Every structure is written in C-alpha cells, then in structure tokens.
Amino acid sequence: MDYTRHGDADLVAFVRAGTVGAFGPLYERHVTAATRRARYFARCSAEADALVSDGFMQVLEALLAGGGPTESFSAYLWRTITNLAFARSRKEAREVPTEAPPVDDAGRGHVRQESFLDLAIEGVVDRALVVRAFARLPGTSQQVLWYTEVLNMSPAEAAPILEIAPGAVAARAHRARDDLRTAWLAAHVDTVRPAGRCEAIVDELGGWIRQTLRTRRRSAVEQHLGGCLRCRKLVAELATLNAIPPAMPARVHGARSA
C-alpha cells in the first residue's frame with residue numbers, strides 16, 4: 001500500500017491500529033523539521049540526531065500503545081523532543097563529576113545559569129532571539145528584568161533603585177516576564193515570516209497563543225487561521241516554543257554584593 005498519499009491524520013490512525021509501515025512517511029515528512037528543532041537543545045549534531053531518533057521512537061511506541069498525537073503530529077513530536085532534552089539536562093545536573101572540570105567549565109561554575117522562569121536550560125534557544133525580544137520591551141520592563149533576573153536581586157533589594165515598593169517590583173517583574181515571552185515568540189516569527197496576505201496576521205500569532213489579544217483581533221486571527229495552512233503550521237510551532245521558557249542572559253555572579 002502506498003502510504004505516501006495519505007495525510008498525517010490517516011497515517012497516525014494506521015500506526016495506532018498496528019500498521020508500523022505507515023510510520024515511514026511520517027518520519028520522512030517531519031525528520032528535517034524535527035532535526036532543526038532538536039538543534040535548539042543539542043550541543044552537537046550527534047546529540048541532535050539522538051534526540052530526533054529517541055523522539056520518533058517514543059511517538060511510535062505511544063501510537064502502538066493506543067496513545068500519541070490526536071491533532072498535530074509535528075507539534076506532538078516537538079513536545080516529545082523538548083521533554084527528552086529537559087529530562088537529559090535534569091539528569092546531567094544531578095550527576096556529580098568524578099574529576100576536576102576543565103578551566104572553562106570551572107569558570108562557568110561561578111555563574112548561575114538558569115532561565116528567568118527557573119526552568120530553561122542554557123543554550124535551549126537561540127540567544128540572539130532572546131536579545132532581540134528583550135530589546136522590544138519598554139524601558140521599565142527591561143529595568144525590572146535586569147535587576148531581578150540578570151543581577152538576581154530580590155524585590156526588596158531592587159525597590160530602592162526602581163523607586164517603587166517591593167510588591168510593585170514583584171508585580172512588574174511578573175508582567176515583564178510575560179511580555180518577554182510574547183516578544184520572544186514574535187522574534188521567532190521574524191525568522192520564518194510568511195509573505196502575502198499573512199503579513200498582517202503573523203505579528204499577532206504570539207499574542208493569540210498567549211491569549212493577550214483583544215476580542216476583535218483574536219477573531220480576525222482565528223478567521224485567518226481557518227483558511228491558511230501555512231499560518232496554522234506556524235501556530236503549531238509557536239505553541240511548542242511557548243512551552244519552552246526563553247533563557248535570560250546568565251546572572252551576574254557577585255552582583256548582590258556589588
């Protein structure tokens with residue numbers, strides 16, 4: 001049977017029913033995009049290939065067990081790869097080194113490497129996109145993120161500098177983190193921007209995913225998505241990215257005592 005003529009949904013149904021041969025076209029269609037996604041997490045091409053291989057294997061096992069994706073195959077695959085990468089990083093973080101680290105690693109050990117949401121891992125995303133997203137924020141948001149996230153100050157410590165109450169610092173930092181995530185998604189859109197009639201919509205896809213659009217704009221985006229396969233694929237990719245906290249620059253060691 002020529003499975004290449006079938007769509008993803010049909011192929012997923014075939015595999016879930018026990019037809020392993022239908023998984024081949026799914027692999028061929030999505031391996032390139034999956035490899036590109038895995039490179040966000042991997043330190044080398046071999047590591048990216050391992051993430052892709054393990055990701056496809058987990059999806060296949062889930063389908064054969066009666067589970068797996070029910071809507072977008074690619075989005076499910078990307079989430080699987082993301083989870084594998086996070087699991088690997090958590091495992092590495094728990095491992096105790098048995099010998100002295102190289103000089104470069106020892107130096108980096110003095111810098112607290114964690115995301116502004118305490119979940120992301122160093123190198124999980126393109127740092128250039130984070131910098132671009134940070135530059136899009138208003139000056140007040142940049143300030144509060146710089147003091148609370150980069151310099152690792154508590155709200156009480158940052159309050160005298162920002163000349164607002166500690167509670168206001170915490171509230172402003174919370175809003176700034178949300179704004180940074182939305183700006184991060186928008187920065188990603190810039191790298192894959194569709195042309196033509198999609199031009200007026202793509203800038204609002206991040207806000208649509210983050211549920212920050214006003215009712216009229218949300219309706220306009222949803223109407224466009226109903227008839228645009230390109231933007232629906234982009235939304236699936238952005239939804240996967242939205243689950244990955246963008247990492248802030250490394251926190252500055254010793255800043256609290258400076």
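Predicted model: local features only at pLDDT ≥ 70, side-chain atom pairs only at ≥ 80, totals over all residues.

Residues are numbered from 1 along each chain as its sequence is written, and side-chain values use heavy atoms, with hydrogens and water left out.

**First stop: α1 and α2**

Select residues 8–16, helix α1, together with residues 23–38, helix α2. Helices here are DSSP runs of H or I with at least four residues, numbered from the N terminus. The two axes lie 9 Å apart and the helices pack at an angle of about 140°; axes are lines fitted to C-alpha atoms over the stretch in contact, and angles run from 0 to 180 degrees between N-to-C directions. α1 and α2 are therefore oblique to each other, a class that holds whatever is not under 35 degrees (roughly parallel), over 145 (roughly antiparallel) or 65 to 115 (roughly perpendicular).

Now display the side chains at the contact (heavy atoms within 4.5 Å). From α1, Asp8, Leu11, Val12 and Val15 meet Phe23, Pro25, Leu26, Arg29 and His30 of α2. By class, these residues comprise six nonpolar, one polar and two charged. Nonpolar covers Ala, Val, Leu, Ile, Met, Phe, Trp, Tyr, Cys and Pro; charged covers Asp, Glu, Lys and Arg; the others, Gly among them, are polar.

Select residues 45–64, helix α3, which has 20 residues. From first C-alpha to last, α3 reaches 29 Å, close to the 28 Å expected at 1.5 Å a residue, the expected span being 1.5 Å times one less than the number of residues. Gly66, with a positive phi near 95°, follows α3.

Among the buried residues of α3 are Leu51, Val52, Phe56 and Val59. Is Glu47 buried or exposed? Glu47 is buried, with a relative accessible area of 16%; buried means under 20%, exposed over 50% and partly exposed in between, with a 1.4 Å probe and protein chains only. Beyond its neighbours within four places in sequence, Glu47 is in contact with Phe41, Ala42 and Arg88.

Finally, select residues 139–150, helix α7, and residues 155–162, helix α8, whose axes come within 9 Å and cross at roughly 140°. α7 and α8 are therefore oblique to each other. Gln143, Val144, Tyr147 and Thr148 of α7 meet Ala158, Ile161 and Leu162 of α8. This contact contains five nonpolar residues, two polar and no charged.

Notes
Helix = DSSP H or I, 4+ residues; strand = E, 2+ residues; numbered from the N terminus.
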